[in-house]
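Reader: I'd like to learn how to read the contacts between two chains. Could you walk me through them?

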Amino acid sequence: MKENADNSFRRIALEAIVIAALGVLLGLSFHYRHVLEALEPKEAISPALYPAPVGLAEMQDLLDQGGVAVDARSREAFQEERIYGAVSLALGEAREALPGFMRRFPPETVLVVYCGGHGCPDSFDLAVRLLSAGYRDVRVFEGGLPAWRDAGLPVKEEE
Amino acid sequence: MNRALRWVYHGSRLVLGGLFLYAGALKAGDVTAFAQTIGAYRIFPPAGNILVAVTLPYVEILAGILLVLNARVRPAALLLGTLTSVFILVLLSVIVRGIEVNCGCFGAADKASPTTALARDAVLLLLAAATYRLRGQQQG
């Protein structure tokens, strides 16, 4: 009797494992793209394409010396509120908008990219893009709009 | 098996199977969000989060379907019982480590706290045990 019960539990456990394995296979085949993407090693960014971070004081100095503040957030967010004098280049639309942007600003322009502050990666990603596109001096203002606004510096709000 | 027990058996089998089928389908619908939820538990490296996110929902769905269809009931109940036990261990570890997580058990919109989730898992474990045992009696 005892041996029988052991055998049958072993069979049940084996079947449970088979069900689990089938589920895993199903999931992997439905979402293989996700998995491949996750396992792919991320391209390392070459040091030449690494944008330098700047603080609030340096950001102000750069803008005073003719640097251009670039807003990496969405166009809607830009319309709502932005650093005074900033131009919009949303990361999501960068591919289409970059040629126009480059006609407006020559490659020697100093660009300071910002987005929604710490924890928002868009400014960094856009800065890398701008460096690859040929801009020579691109910085990232890590504090972004919140730091600027909190310091009481001028913002432009929706009219 | 008497009539009342048969009702209990079919009831727990259907509720357990239905719940896992539902929970699995919700998570399979947005594996990216589920991977982020798993990431918040801080157990796996990023690639591990994705692997669990794309596979776990389908294991739940498959076992849920079998229970609803009254097929391979004991293996399916054993599997879901084991999964639930693992979930309980994970939730306990979250409480011990003092990490803030949303359960995510029923998709990303599920913001249940670890304690609520623990209570739910205790019920699921009970259902799995009842299904497993009663199925054994049914077969004599």
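Reader: Which residue forms a salt bridge with A:Glu15?

Author: A salt bridge is a side-chain nitrogen of Lys or Arg within 4 Å of a carboxyl oxygen of Asp or Glu. Here B:Arg72 pairs with A:Glu15, with the closest N and O atoms 3.4 Å apart. The count between chain B and chain A is one salt bridge. A caution: this is a predicted model, where local features need pLDDT of at least 70 and side-chain atom pairs count only at pLDDT 80 or more, while totals for chains, interfaces and linings use all residues. Residues are numbered from 1 along each chain as its sequence is written, chains are lettered from A and ligands numbered from 1 in the order in which they are written, and side-chain values use heavy atoms, leaving out hydrogens and water.

Reader: How many residues of chain B are in contact with chain A?

Author: Contact means heavy atoms within 4.5 Å. By that rule, 20 residues of chain B meet 19 residues of chain A.

Reader: And what area do the two chains bury between them?

Author: Buried area is the accessible area (1.4 Å probe) that two parts lose on being put together, summed over both. For chain B and chain A that's about 1,700 Å², with 82% of it on carbon and sulfur atoms. B:Tyr58, B:Leu62 and B:Pro75 supply 28% of what chain B buries against chain A, more than any other three residues.

Reader: What about disulfides: which cysteines form one?

Author: Look for a pair of cysteine sulfur atoms within 2.5 Å. B:Cys103 and B:Cys105 qualify, their sulfur atoms being 1.6 Å apart. The S-S torsion is about -70°, so this disulfide is left-handed.
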